[in-house]
Amino acid sequence: MKKRSKGTMRLIYPSHYSNPLHRVCRAGIRTTFLLTAFLISASCASSSDQDEIALDAGIIGWITEAMTDIMVHDITNPPLAARFYAYATLAGYEVVSQEDEGFHSMALVLNDYPQIPKRDDFPNQHTQVTAALSMIKVASTLQPSGSELLKLEDSFLDSCRTWGLQEKTIKDSEAYADFIAKEVLAYAQTDRYREISNYPRYTPREAPGSWYPTPPGYFAPVEPYFNTIRPFTLRSADQFKPVPPAPFSENPSSEFFQLMRQVYEEELTSETQQIAAFWDCNPFALEETGHLMVGLKQISPGGHWIGITDIACRESGIDFNKAMEITAVVAVGLMDGFLSCWDEKYRSNRIRPETAIRKYLDPNYTPLLQTPPFPEYLSGHSTISTTSAEILTHFFGEEFEYTDTVEEKYFLGTRDFDSFYHAANEASISRLYGGIHFMDAIENGQTQGKAVGKWVVNLLAEKSMAMPVPR
């Protein structure tokens, strides 16, 4: 029988974790929790009161941040990063939905999601510890360098012991997490992503106005067959098929030519340059060092919004279980948002501003940001930022003020926002400032993202899931 988590005691997540990829973990500088005070209380925890020990919502962000660090190291492309976040957080949420009567399984809404049976042979398991471990186990299996997360798991379990959890609780939680992770990974194996490697190598079209690889890396196109994998909530990748882009034309009076001039003539200020840099989120960006090209190792757009989700969950003071639900829903939205966007990218296959401007306006033109390696229309950041904003606004309201510290560890400072849509709109227009998107790709990307976000929220609401946070 499900039970409501009653936690009267809150745990700090491990602050001693040393990131395996030598990045500074933001968890180490979160000072809103008092470890010493907690240890005094937790050291007295007995078998009878362990159910009262509740993990803080920040644990989820601590894990997703470690996932992000590994994605940065692996240069994980944006759509694939969303896939990793989605399956890992779904594993954590599945545990919560099985143990807390206030939450329902995603089997009610996700395509082909299995009815995972509740196991009663782990009587000592701790729901939130199991959820956290399930996330780590799924991520460590899916991500190329995921084995590094085993260090995170060891650190987390050491902290659980410090907090007073008994070995039988830890043992049952690990066993339960192994079971859930196995079920979710089996679900992931059926989404057809593995089949992409069997498709023929994508060859750029030679028709005028078509996308072509851009400097400095001239990378092959990223995930040209991403639209063939299974969506989570959408009926199909083209469910919200957008209007076509402005037709390509070499006529100076054409709509396309005007869009091109808008990018070329954009007068950048110090502020707009900062905005472009803050939302760059290009894992493929390169820096020339002597005769070498070195990767800049940037976060992905989805990673940025997963980070924002963590900030919102912590600042709102919600409990672990609700934060687990919200993070999973945002991750699912990211995945379907990218799927929807990538479906259009390789249908319209439109030329990037950099390529067009160099050919028709200025052969020496260089955009402020490096052009990512895939077709231009729609803008991916505009799409998934708006999807995320729609979902987070549903949960937290239209006037949720926060400081975005996600890019601080990448030396890009912080930015203050009055709402999630304020941030999404800024992320969207940053693509014009950066010189990497035409305006119709930005605006129609926002329309696309909003449609996907609303679809995800409404689908869950029909099943009495994803209820807004009380305000």
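Helices, of at least four residues, and strands, of at least two, are DSSP runs numbered from the N terminus. On that basis, the secondary structure of this protein comes to 14 helices and six strands. The model is a predicted one. Of the 471 residues in the protein, 61% are buried. Among contacts with a separation of 6 or more, 81% join residues 24 or more positions apart.

**Nonpolar cores**

- The largest nonpolar core holds 130 residues, and the members that touch the most others are M106, F156, W305 and F396.
- Helix α10, which spans residues 320–348, gives the most to this core, contributing 16 residues.
- In soluble globular proteins, nonpolar side chains tend to be buried together.
- Beyond its neighbours within four places in sequence, M106 is in contact with L90, Y93, Y113, V329, L460 and M465.

**I326 in helix α10**

- Helix α10 includes I326, a residue that counts as buried because its relative accessibility is 0%, under the 20% limit.
- Residues up to four places away in sequence aside, I326 touches T309, C313, I318, L392, F395, F396 and V469.
- I326 and A466 are 140 residues apart along the chain, yet their C-alpha atoms are separated by 7.3 Å.

**Aromatic pairs and charges over rings**

- The whole structure contains 29 aromatic pairs.
- One of these pairs is formed by F156 and W163, with an edge-to-face arrangement, a distance of 6.4 Å centre to centre and 75° between the planes.
- Both partners are buried: the relative accessible area is 0% for F156 and 2% for W163.
- F396 is buried with a relative accessible area of 5%, and F400 is buried with 12%.
- Ring pairs also join F278, W279, W305, F396, F400, Y402, F417 and F420 into a cluster.
- Two charged side chains are placed over rings: the charged end of R119 sits over F179, 4.6 Å from the ring centre, and K345 lies over the face of W342 at 5.2 Å from the ring centre.

**A buried glutamine in a loop**

- Q143 occupies the loop between α4 (127–142) and α5 (149–162).
- Q143 is classed as buried because its relative accessible area is 3%, which is under 20%.
- The side chain of Q143 reaches the backbone oxygen of M67 at 3.2 Å.
- When neighbours within four places in sequence are left aside, the contacts of Q143 are M67, I70, M71, F84 and L149.

**Cysteines**

- How many disulfides does a search of the whole structure find? The search finds zero.
- A disulfide is a covalent bond between the sulfur atoms of two cysteines.
- C160 is buried at 0% relative accessibility, and C341 is buried with a relative accessible area of 0%.

**Backbone features**

- Most residues other than glycine have a negative phi, and most peptide bonds are trans.
- The peptide bond from P215 to P216 is cis, with omega near 5°, and P216 is in the loop between α6 (167–189) and α7 (255–265).
- The bond from Y377 to L378 is likewise cis, with omega near 5°, and L378 is in the loop between α11 (353–360) and α12 (380–396).
- C281, a residue other than glycine, has a positive phi near 50°, and it lies in the loop between α8 (270–278) and β3 (286–289).
- S464 is not a glycine but has a positive phi of about 55°, and it belongs to the segment after α14 (439–461).

Definitions and conventions
Residues are numbered from 1 along each chain as its sequence is written. This is a predicted model: local features need pLDDT of at least 70, side-chain atom pairs count only at pLDDT 80 or more; totals for chains, interfaces and linings use all residues. Side-chain values use heavy atoms; hydrogens and water are left out. A disulfide is a pair of cysteine sulfur atoms within 2.5 Å. Buried means under 20% relative accessible area, exposed over 50%, partly exposed in between (1.4 Å probe, protein chains only). A polar contact is a pair of N or O atoms within 3.5 Å; within protein, one must be able to donate a hydrogen and the other to accept it, and residues adjacent in sequence count only if both atoms are side-chain atoms. Contact means heavy atoms within 4.5 Å. A nonpolar core is a set of buried Ala, Val, Leu, Ile, Met, Phe, Trp, Tyr and Cys residues joined through side-chain atoms within 4.5 Å. Rings of Phe, Tyr and Trp (its six-membered ring) pair if their centres lie within 6.5 Å; planes under 30 degrees apart count as stacked, over 60 as edge-to-face and the rest as tilted. A charge sits over a ring if NZ of Lys or CZ of Arg is within 6 Å of the ring centre and within 35 degrees of the ring normal.
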